[in-house]
Amino acid sequence: MTEEAAPPLDLRGISKSFGGVAALRDVDFVLRAGEIHGLVGENGAGKSTLMKIIAGLHGQYDGRMAIDGRPVHFRSPREALAAGIGMVHQELSVVPDLTVAENVYLGQQPTKGGIVDWRAMMDGARRHLADLGIDVDPNARMGSLAIGLQQLIELARVLFSGARIVILDEPTSALSPPEVQRLFEVLRGVRASGRSIVFISHFLDDVLAIADTVTIFRNGRLIATEAAGTVDKGWLIQRMIGRGHEELEGSYTGAIALDSRPDAPVVLDVRGLSVGRAFADVSLDVRAGEVLGIYGFMGCGLIELARTLFGKLKADAGTMSIGGKSLRPRSTAEACRAGIAFVPESRRSMLFHTEPVYKNMSISVLGRIGRLLLRPSVEKDIARQHVQSLSIRPPTVETLLGSLSGGNQQKVALAKWLTWPPKVLVLSEPTRGMDVGAKEDVVRIVKGLREQGMGVVVLSTEPETVLSLADRIVVMKKGRIVREFAGETVSKDQLLEAA
Ligand code: ADP
Ligand code: MG
């Protein structure tokens, strides 16, 4: 009988909960020597949680882990690194004010007579970076380099500190296509040296291009592991979202029929809008009484686009017009005066938690309607109608906003636009973190706003949200609009496929 070497990493029956809610259920995961292993799954599927267990960030879990056949249980990233496991997180942890060499050697600078041996450090860093095929001056200040290069240097540091297993959690979200190619070249070199890589990404094309093996997670479970060469994007998507769509919510079934309104006047017209690295050449229009959905993965530029429409970020190029009047908002106040209202993904920042519900339904629009409404009796009357028609709980206008649930807060945030409709309403992640009931209420409110003739833009990384609200959908990918769905039937698979 031949004895096979134990795999570098072998996990059996891993389960993990947060506050009683299961994030991982009975997962078996094996990483082999010299492989690039892609991990895919929708947001919240459990990918990062499993990787954090491996990298020592979550010490508490059920199940067994072995490195080269030896049982281990890490309680800190330091212990994991000592055993050869390193992780590059999506948020870089480089030090921008230090040089490249200092970042590579972070915490382990060579010393001579008690002081840092600068020359040894520069030479060592230069050699190490050259070995990895990374072309950069070790003397350069980290903060002056492009993000893609900074990420490669962070990877270099993890390898330099002895990692034989490297985990990259969504490394390509913020990278340009040439930067992705450069990262892939470095990863192929790492693989050729016999080390193993876990590569997590929403970009299935990227995963299929670089990975040898691919594993799909859904709802805390490991669904399948296959050789990447034997599967395609459609196969992955089917497993990511579940074959029978059995986990989808009631607001749509499988596919929705889009209903666009080509005859209504354009209320928002955007041409060639660009902002730094965030997005480029975005053109779109929204008609009165239409909900335009913009869908994309985290990091695709959605959030920045929403902020630019509302005057929070300044566009480098492009034009915008509202109701036919051209506009280049330099402040949110200016955007608001021109007729754009914005409800951001962090509703906290737009609401007043220590004020009662009725104040929150009028406060931000006082400037537009004058003194009259400062009379609390009028404010309360209007608020009472909304509280009733939107079934806000508890059903009183005196409740302090901060004591309401997230879903009810969102209803309050939306309610004021029913009384004082703007021309265009921009909603970023309007149903994030809500239960099904609250989501349905939000859908109802947005449809009501649309009936009033408002143009609504819904930006979301959740396909269900866009599908349940939009009359027309555009898909954004790495800062560009890549696809439009209008006057046809569209399913969740198609959205994921396009992104
Ligand atoms: P993925 O990386 O696949 O998007 P995660 O592993 O981050 O998914 O999350 C899996 C589940 O665990 C989600 O429901 C998420 O909300 C939950 N979760 C992750 N980290 C924490 C945490 N620190 N506290 C509470 N819940 C968490
Ligand atoms: Mg994650």
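Does Glu 290 count as buried or exposed, and at what relative accessibility?

This is a predicted model, in which local features need pLDDT of at least 70 and side-chain atom pairs count only at pLDDT 80 or more, while totals for chains, interfaces and linings use all residues. Residues are numbered from 1 along each chain as its sequence is written, chains are lettered from A and ligands numbered from 1 in the order in which they are written, and side-chain values use heavy atoms, with hydrogens and water left out.

View 1. Glu 290 lies in the loop between strand E15 (279-287) and strand E16; helices (H or I, at least four residues) and strands (E, at least two) are DSSP runs, numbered from the N terminus. Glu 290 counts as buried because its relative accessibility is 1%; buried means under 20% relative accessible area, exposed over 50%, and partly exposed in between, with a 1.4 Å probe and protein chains only. Its side chain and that of Arg 472 are joined by a polar contact of 2.8 Å. A polar contact is a pair of N or O atoms within 3.5 Å; within protein, one must be able to donate a hydrogen and the other to accept it, and residues adjacent in sequence count only if both atoms are side-chain atoms. Leaving aside residues up to four places away in sequence, Glu 290 touches several residues, including Ser 260, Arg 261, Asp 285, Arg 450 and Asp 471; contact means heavy atoms within 4.5 Å.

View 2. Helix H15 (residues 436-451) has 16 residues, which should span 22 Å at 1.5 Å a residue, and its end C-alpha atoms are 23 Å apart, which agrees. The expected span is 1.5 Å times one less than the number of residues. Among the buried residues of H15 are Ala 438, Asp 441, Val 442, Ile 445 and Leu 449. The buried residues of H15 pack against strand E16 (291-295), helix H14 (406-419), strand E20 (424-428), strand E21 (455-460) and helix H16 (463-469). After H15 comes Gly 453, whose phi is positive, near 95 degrees.

View 3. Helix H6 (residues 177-192) reaches 23 Å from its first C-alpha to its last, close to the 22 Å expected for its 16 residues. Its buried residues are Glu 179, Val 180, Leu 183, Phe 184, Val 186, Leu 187 and Val 190. They lie on the same side of H6 because they cover an arc of only 165 degrees around the axis; the arc is that of the directions from the helix axis to the C-beta atoms. The face turned away from the buried side carries the exposed residues Pro 177, Pro 178, Glu 185 and Ala 192. The cover over the buried residues of H6 includes strand E3 (36-40), helix H5 (147-160) and helix H7 (204-210). Gly 194, which follows H6, has a positive phi, near 95 degrees.

**View 4. The shell around ligand 1.** Residues surrounding ligand 1 include Phe 18, Ala 23, Glu 42, Gly 44 and Ser 48; a residue is near a molecule or strand if one of its heavy atoms lies within 4 Å of it. The largest share of this shell, three residues, comes from helix H1 (residues 47-54). An oxygen atom of ligand 1 is 2.8 Å from an N or O atom in the side chain of Lys 47. A polar side-chain atom of Thr 49 lies 2.5 Å from an oxygen atom of ligand 1.
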